[in-house]
Every structure is written in C-alpha cells, then in structure tokens.
Amino acid sequence: MTADRRKILDAYKDLRVADVRDGLDCLGYHAQYSMDPTIRPLARMRAYGIAKTCRYLPYQGKIPKLTPEEYWEWSGMYYNKICTYPWVDEIQEGDFIVIDMSGQNVGLMGSENTLNCVRKGARGFVSNGGVRDTDEIIMQKIPFWSVIVSQCMVQGRLQYESHNKPVTVGGVEVSPGDVVMADGDGVVVVPEKLALDVARLANEEHERDKKRRGEHYRALGLKLDDTVT
C-alpha cells in the first residue's frame with residue numbers, strides 16, 4: 001500500500017457518515033456526494049475505503065432454449081465470457097467496491113464472491129442493483145449497501161461493461177480513488193482531491209461530538225464506551 005493511500009485510510013478510520021457529511025458541508029458541498037437514501041445496508045455495519053468501480057449493463061443477447069444439463073454448461077460460459085469479473089483480481093487492501101448495475105434486480109454479488117473479494121482486501125460494497133445470499137452475507141459480517149435484495153443469478157440478465165472508470169451510483173458520480181464511507185446513515189462519497197481536507201474537518205467535528213456526548217454519559221451515569229472516548 002502506498003503512503004498516500006495509507007494516509008487517506010488512516011484519516012477516515014474513526015469517522016461516521018454524519019461526520020463526513022458535516023466535513024463536506026463545511027466546504028460548501030451541501031447538495032453533493034450523499035447517495036440516495038434508498039441505498040441501505042443489509043445490516044447495521046460501518047465500512048470505509050477507496051473506491052474500486054465497475055459497471056454492468058442489462059444483457060443484450062437472447063436466452064437459448066436448453067436442457068438442464070445444457071443450461072449449466074451455458075451458465076459457465078456466461079460467467080467466463082459475458083458477465084465477467086475482471087476487477088476482482090485487481091482489488092487492493094482498503095478498496096470499497098462500487099458497482100453500477102444499471103438498477104437491475106440481479107444478485108451480481110453473493111455470499112461466495114463477496115468473501116473472495118474480502119480475502120483480497122475489499123472493505124465494503126455498494127450497488128445500485130441487487131445482492132443475493134443475504135442471510136449468509138449478514139452472518140459473514142460483510143458490509144454491503146444496495147437498493148434491493150435479489151434472488152436472481154446474472155445469466156440472461158447482466159453483462160460486464162467496464163471497470164476503473166467513473167460510475168454513477170445512488171445519484172453520485174464515483175471515480176476510482178474517491179473515498180467511500182458507509183454506515184447505518186447511508187453512504188457518502190468524498191472526491192479524492194478533497195479527501196484530506198474533509199477528513200480534517202470531519203475529525204474535528206467528531207471530537208466535539210464525543211466530548212458533548214461524554215458529558216451526557218457521565219451525567220446519566222452511563223458507562224463510557226468507544227463512541228465517546
């Protein structure tokens with residue numbers, strides 16, 4: 001990992017989406033960079049990382065009439081030639097996978113391939129389409145934000161278009177190298193050129209918030225936790 005990449009990741013390690021939103025507001029970006037609230041987490045988790053982008057389109061071909069045995073052979077061909085995942089082998093430690101699925105009700109990602117990405121260094125996923133195997137993904141504690149939960153496989157539904165290019169997810173244009181922060185409040189994106197300035201302002205606000213909340217904890221006799229210390 002490069003020193004610049006580590007510096008950015010370290011700057012966001014303690015932050016919440018709300019802090020990052022406040023940091024962007026301080027710089028005058030009130031109407032930008034928050035993904036649409038329809039993009040929600042599968043479970044209440046927090047994740048952050050550096051955007052790795054990919055784009056998929058609705059399938060443009062025809063679905064052939066096949067026997068069940070022929071179908072599984074066709075399915076294997078489909079993964080190898082039509083709905084491919086070339087970006088997976090390029091994942092770096094600290095990547096946040098941003099997937100433009102053209103809004104399709106398809107489970108491009110599921111319990112197995114998300115684990116594979118996490119093994120390679122992915123910290124989280126966000127998609128403007130669907131995700132499947134969600135019970136297992138939640139059990140595996142893999143951070144995933146999406147518009148819908150889907151049952152469908154990709155065959156006859158999606159085709160790979162590109163990766164490492166700007167994509168639009170949740171109404172926000174995301175470029176490779178941008179910072180993605182996600183938690184129960186949703187997803188916010190920080191352009192790479194603003195990353196350190198936003199992080200500085202967000203951390204300042206976060207420290208003020210922890211101090212004020214800590215005072216309430218003490219007054220109420222609550223045990224201090226890591227959200228206020």
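**Notebook: chain fold and helix H2**

I began with contacts (heavy atoms within 4.5 Å): of those in the chain with a separation of 6 or more, 77% join residues 24 or more positions apart. The model is predicted, so I noted that local features need pLDDT of at least 70 and side-chain atom pairs pLDDT 80 or more, while totals for chains, interfaces and linings use all residues. Residues are numbered from 1 along each chain as its sequence is written, and side-chain values use heavy atoms, without hydrogens and water.

I then looked up the secondary structure and found 6 helices and 10 strands, taken as DSSP runs numbered from the N terminus (helices H or I, at least four residues; strands E, at least two).

Along the principal axes, the C-alpha atoms fill a box of roughly 70 × 35 × 30 Å.

I checked burial next: 48% of the 229 residues count as buried, meaning under 20% relative accessible area (1.4 Å probe, protein chains only).

Last, I went through helix H2, residues 17-26. Its buried residues are Val17, Asp19, Val20, Arg21, Gly23 and Leu24. I traced their packing to helix H1 (3-12), strands S9 (179-183) and S10 (186-190), and helix H6 (195-220). Just after H2, I found Gly28 with a positive phi of about 90°.

Notes. Buried < 20%, exposed > 50% of the residue type's maximum accessible area, 1.4 Å probe, protein only.
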